[in-house]
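Trainee: Could you walk me through one part of this model, slowly please?

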Amino acid sequence: MNRLLMLALIFFLNFPAYGEDTVVKDLGFSSHGVRLSGSLVMPAEGPIHAAVVFVHGSGPQKRSMHWAQRFASEGIAALVYDKRGVGRSGGTYEGNQSVSEQNITLLADDALAAFEKLRVHSKTKDVALGLAGISQAGWIVPLAAQKSARQSEGADFMVLWSGPVCKVSEEDIFSKYTADLDARRVPGYREALAARTTPYIWPDFLGKDSDPSDNLAALDIPGLWVFGAQDGSVPVDLSIERLAALMAKGHDYEYALFSNLGHNNMSETFSMVTDWIRGLPE
């Protein structure tokens with residue numbers, strides 16, 4: 001056998017399998033008459049400190065197994081699922097009008113159905129339960145959390161990476177100006193707004209111009225937002241401004257801003273977030 005191939009084989013046989021310290025249970029749940037398919041990933045040993053439903057960003061996303069494994073390795077169980085119409089989930093994926101009020105509400109109901117599955121599961125029903133996500137989840141998670149709060153046992157916390165705290169239209173104005181590109185120097189929202197040569201008109205057929213601030217104002221749970229100052233997709237300055245206003249009114253919200261990171265900043269900040277979750281009051 002070729003010596004390099006032999007060395008590679010020895011390395012493979014002795015290298016621990018990815019996720020061997022976790023347990024994966026496939027499960028399904030229903031939302032609006034559609035069967036969605038997901039996986040609950042838990043630590044194989046030791047206590048479960050908390051559990052989260054991880055909500056997708058935009059696009060036809062399958063279940064985020066990588067992040068579920070990362071959560072579980074930190075003692076946090078994670079339920080991840082294929083977005084409706086994607087992977088093994090039923091229904092129709094909405095690509096053309098993904099930011100419409102109807103679709104955001106539908107995706108929030110899907111996240112809430114996943115949360116309910118987590119809430120009654122024998123392994124997670126007695127720990128703190130939260131909603132987490134990235135990017136587009138910034139509109140979905142606060143709505144799902146508000147919906148859960150109307151039930152007997154709602155979400156205990158929420159975490160968002162690069163989640164906009166602004167209207168969909170405001171994010172659209174900003175990301176069109178930046179072409180969705182991260183940069184060392186990202187313009188502020190007001191610069192993007194002032195650069196427009198025609199008024200921005202929100203299309204009536206999209207329904208309400210979703211604003212997570214409305215949902216966040218009605219919630220009374222801890223929340224953490226992680227931003228990168230080089231983010232060209234989300235108006236970070238406007239989002240922090242809106243968060244600060246909510247915090248000034250007594251909401252238990254926090255944010256972390258990293259000057260050297262952009263929109264996709266989960267890898268660099270993941271341990272900070274899991275430390276925050278584990279440090280929440282029981």
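**A strand and a serine**

Mentor: Strand S5 and strand S6 (residues 157–161) run parallel and are joined by 5 bridges, where strands are DSSP runs of type E with at least two residues, numbered from the N terminus, and two strands pair if DSSP finds at least two bridges between them. Please keep in mind that this is a predicted model, in which local features need pLDDT of at least 70, side-chain atom pairs count only at pLDDT 80 or more, and totals for chains, interfaces and linings use all residues. Residues are numbered from 1 along each chain as its sequence is written, and side-chain values use heavy atoms, with hydrogens and water left out.

Trainee: Which residue of S6 is the bridge partner of Ala132?

Mentor: The partner of Ala132 in S6 is Val159.

Trainee: And how many bridges does S5 have with S3?

Mentor: Strand S3 (residues 50–55) pairs with S5 over 6 bridges in the parallel sense, and Val55 has Gly133 as its bridge partner in S5.

Trainee: Why is S5 largely enclosed?

Mentor: S5 (residues 128–134) is largely enclosed by the rest of the structure because 6 of its 7 residues are buried, meaning under 20% relative accessible area with a 1.4 Å probe, protein chains only.

Trainee: New topic: is Ser162 buried or exposed?

Mentor: Ser162 has 0% relative accessibility, so it counts as buried.

Trainee: What does its side chain reach?

Mentor: The side chain of Ser162 reaches the backbone oxygen of His263 at 2.6 Å, and it also makes a polar contact with the side chain of Asn265 at 3.2 Å; a polar contact is a pair of N or O atoms within 3.5 Å, and within protein one must be able to donate a hydrogen and the other to accept it, while residues adjacent in sequence count only if both atoms are side-chain atoms.

Technical notes
Buried < 20%, exposed > 50% of the residue type's maximum accessible area, 1.4 Å probe, protein only. Helix = DSSP H or I, 4+ residues; strand = E, 2+ residues; numbered from the N terminus.
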